[in-house]
Amino acid sequence: LPEYNRPAFNDEALNQQQKGHVVLNPAILPDGLTQQQYMGICIEMVKIADEVIMLPGWRDSQGATAEFHLAMKCGKVIRQAEDGFAWYPTSPEVAA
């Protein structure tokens, strides 16, 4: 994706900030890290987040799908940015 999809990340981050949320935005990470290093940081972001927002096209990204599955295992609310569709944890067994 052009610019590693940073414009879409930054637009959604601003949208969430305007709603009063504290945003953990992976697009602000510096250039020059390896994919493994970026994922290591993003995994920690998912673990401490209250909610995870998935950008359009997330299903085509190995990193984003890994973050989605981690968020599901951690019992996070996951929301699609484009339409607001959300997955909600329903029971402790979801994280099993």
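Which residue forms a salt bridge with Glu44? The partner is Lys47, with the closest N and O atoms 3.1 Å apart. The model is predicted. The count of salt bridges comes to three.

- Glu44 and Lys47 both lie in helix 2. They are three residues apart, about one turn of the helix.
- Glu44 has a relative accessible area of 40%. Buried would need under 20% and exposed over 50%, so Glu44 is partly exposed.
- Lys47 is partly exposed, with a relative accessible area of 42%.

- The side chains of Glu51 and Arg79 meet in a salt bridge, at 2.8 Å from N to O.
- This pair links distant parts of the chain. Glu51 sits in strand 1 (residues 51–54) and Arg79 in strand 2 (residues 77–80). The two residues are 28 residues apart.
- Glu51 counts as partly exposed, because its relative accessibility is 31%.
- Arg79 has a relative accessible area of 23%, and is also partly exposed.

- Arg6 forms a salt bridge with Asp31. Their closest N and O atoms are 2.8 Å apart.
- This pair, too, links distant parts of the chain, 25 residues apart. Arg6 is in helix 1 (6–18). Asp31 is in the loop between helix 1 and helix 2 (35–48).
- Asp31 has 57% relative accessibility. The cut-off for exposed is over 50%, so Asp31 counts as exposed.
- Arg6 has 21% relative accessibility. Buried means under 20%, so Arg6 counts as partly exposed rather than buried.

- Strand 2 and strand 3 pair in the antiparallel sense, over two bridges.
- Ile78 stands opposite Trp87, a residue of strand 3.

Terms used. Residues numbered from 1 in each chain as written. Predicted model: local features only at pLDDT ≥ 70, side-chain atom pairs only at ≥ 80, totals over all residues. Heavy atoms only, no water. Salt bridge = Lys/Arg side-chain N within 4 Å of Asp/Glu carboxyl O. Helix = DSSP H or I, 4+ residues; strand = E, 2+ residues; numbered from the N terminus. Buried < 20%, exposed > 50% of the residue type's maximum accessible area, 1.4 Å probe, protein only. Pairing = 2+ DSSP bridges.
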